[in-house]
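Subject: Structure for handover

Hello,

Below is the structure I said I would pass on. Please load it first; my notes come after it.

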Amino acid sequence: MKKKRTLAFLLIFTILTSLCGCSASAITIREKRAAEAVTRAEAFWEKQTVRQVGEPVVFSDYEKPFAYALQYPKTGYPVTDARIESIVAELRNAFEQEYLPDENAKGEKQRSSQPIATMYMDYETYLTDENHLSLLLFTTTETAAEGMSPHTPIHAFHFDLTEDKEIPAAELMWKDFTKNASIYTQKYFTSTEPYNKRIFGDYATRLAPDNGYFDRFVFTEEGVLFHFDRYSLFPGDMGTVTLTIPYAAMRTKTPAADERVDAPFSVTGKKMVALTYDDGPNPVHTNAILDVLEKHNARATFFDLGQLVEKYPDVTKREAALGCEVGSHSWDHANFNKLTPEAIKADVARTDAVFQKVLGRSPSSFRPPYGNCDNSRKGYIPLPIYLWSVDTLDWKSRNADAIINEVKKIGDLDGKVILLHGIYGSTAEATAYLVPYLQEQGYELVTVSELVEAKHGEVPENSKIYGYHYFQ
Ligand code: NI
């Protein structure tokens, strides 16, 4: 990387030398100041490390009274590159307007051969499978009086490289984009160390959906990446803070087919497993399981019975508050293969009503009792239908060691969905062991919907059965 920068600098220096018609000594000062700017830029340039697209262009210059050391990408896509050049020109122009000396100071400043202000720029580029380029430009300034600014304004741009065109951010933000980002960010930063101990007291106002923090984003393989400028939420020593929100968490529920947008979903290589708990909520055992998940910052999926949601609404609310997925397991555990379509519709409606009352929304998904929902009946369930791929038989053994052994004997658990029941002390006990154990094995504990999105690059589809073979 160092070598490339030096080469690029030499190239620019050569061009400047050959084009400039000024006297030899002026060239020397210009080239000297430009080189100084590049040297001072190195520390700033070290901070940006993600370069998934293009080659860096280094531009350095000193043209009284301003110096520049800018790095930005050349992608090889002509329209995209022209747009990047014009964005850089706009940012340079804004910088010059800001630091232009006023008339009185002009004469004195211009006698000096020192720049009154230097502009630094660096970049990061992110590429998704869908050939979506997210470009971040980081700028900062330095003045003789105040030194290097502690602020690093960040600018985000998006390009569709297949079409070679820029896409305005607004066109990429699906329904509830900023709202979901706001909810997730507040929950994450107030429940995760060290952020929860350092976050400014008025974070809720600062992180409101329409306060501007969530319009500037990057699409990555893992999710939507947000940057929070230095001093915006945390003390300055924490610098710029970043947070990647999984795509699944950026949607409150499965979007209807007509409001679906082509988000850049892509399949992750990260190891993931989904723990699922049926038949609750139970005020004792479900809460013990939630204590474990909260302690280890893990998520699971709960398939709750409508009648128990009505009875223990606070437990279901806590499931949702901890970022877990809350799905339906029917109203009262009926065997759907024995129900008429009318009875299924009535069960779905009744369960949906209690979810609306308690959580303000429908269940995210459905797990049929006994795994029974044949193809002629699935059309009556307006939710993704999730089965499992690992059965712990916890309802039968009622023994934590036996449950743990059922999980361990599978070996590779990546992409698997584990069936448990949230109503037994033995299952809660097994959970207390399994959660940290699985994390130590390198697994991220995710919800079933997150797993479908991250492992299969798919938006969960209503009335579709995701079964044993899918979760392998
Ligand atoms: Ni059940």
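Predicted model: local features only at pLDDT ≥ 70, side-chain atom pairs only at ≥ 80, totals over all residues.

Residues are numbered from 1 along each chain as its sequence is written, and side-chain values use heavy atoms, with hydrogens and water left out.

Overall content

The protein has 16 helices and 18 strands; these are DSSP runs numbered from the N terminus (H or I of at least four residues for helices, E of at least two for strands). Of its 472 residues, 50% count as buried. Buried means under 20% relative accessible area, exposed over 50%, and partly exposed in between, with a 1.4 Å probe and protein chains only. Among contacts with a separation of 6 or more, 70% are between residues 24 or more positions apart, where contact means heavy atoms within 4.5 Å.

Nickel site

The nickel ion has D279 (OD), H329 (NE2) and H333 (NE2) as its protein donors, at 2.1 to 2.2 Å. Donors are N, O and S atoms within 2.8 Å of the metal (3.2 Å for Na, K and Ca); water is not among the atoms, so sites may look incomplete. Along the chain the donor spacing reads D-x49-H-x3-H.

Helix pairs

Two packed helices are described by the angle between their axes and the distance between the axes. Axes here are lines fitted to C-alpha atoms, for helices over the stretch in contact, and angles run from 0 to 180 degrees between N-to-C directions.

Helix 9 packs with helix 11 (residues 313–321) at about 20°, with axes 11 Å apart. That makes helix 9 roughly parallel to helix 11 (under 35 degrees counts as roughly parallel, over 145 as roughly antiparallel, 65 to 115 as roughly perpendicular, the rest as oblique). From helix 9, T286, N287, L290, D291 and E294 meet V315, R318 and E319 of helix 11. By class, this contact has 2 nonpolar, 2 polar and 4 charged residues; Ala, Val, Leu, Ile, Met, Phe, Trp, Tyr, Cys and Pro count as nonpolar, Asp, Glu, Lys and Arg as charged, and the others, Gly among them, as polar.

For helix 14 (residues 400–408) and helix 15 (residues 425–440), the angle is about 40° and the axes are 8 Å apart. Helix 14 is therefore oblique to helix 15. The residues of this contact divide into 8 nonpolar, 2 polar and 2 charged. Those from helix 14 are A400, I403, I404, V407 and K408, which meet S426, T427, E429, A430, Y433, L434 and Y437 in helix 15.

Single features

W395 lies in helix 13 (residues 394–397) and, at 43% relative accessibility, counts as partly exposed. Leaving aside residues up to four places away in sequence, W395 touches H421 and Y424. Its C-alpha atom is 8.9 Å from that of I423, 28 residues apart along the chain.

Helix 16 (residues 448–456) has 8 of its 9 residues buried, so it is largely enclosed by the rest of the structure. After helix 16 comes G457, with a positive phi near 60°.

Regards
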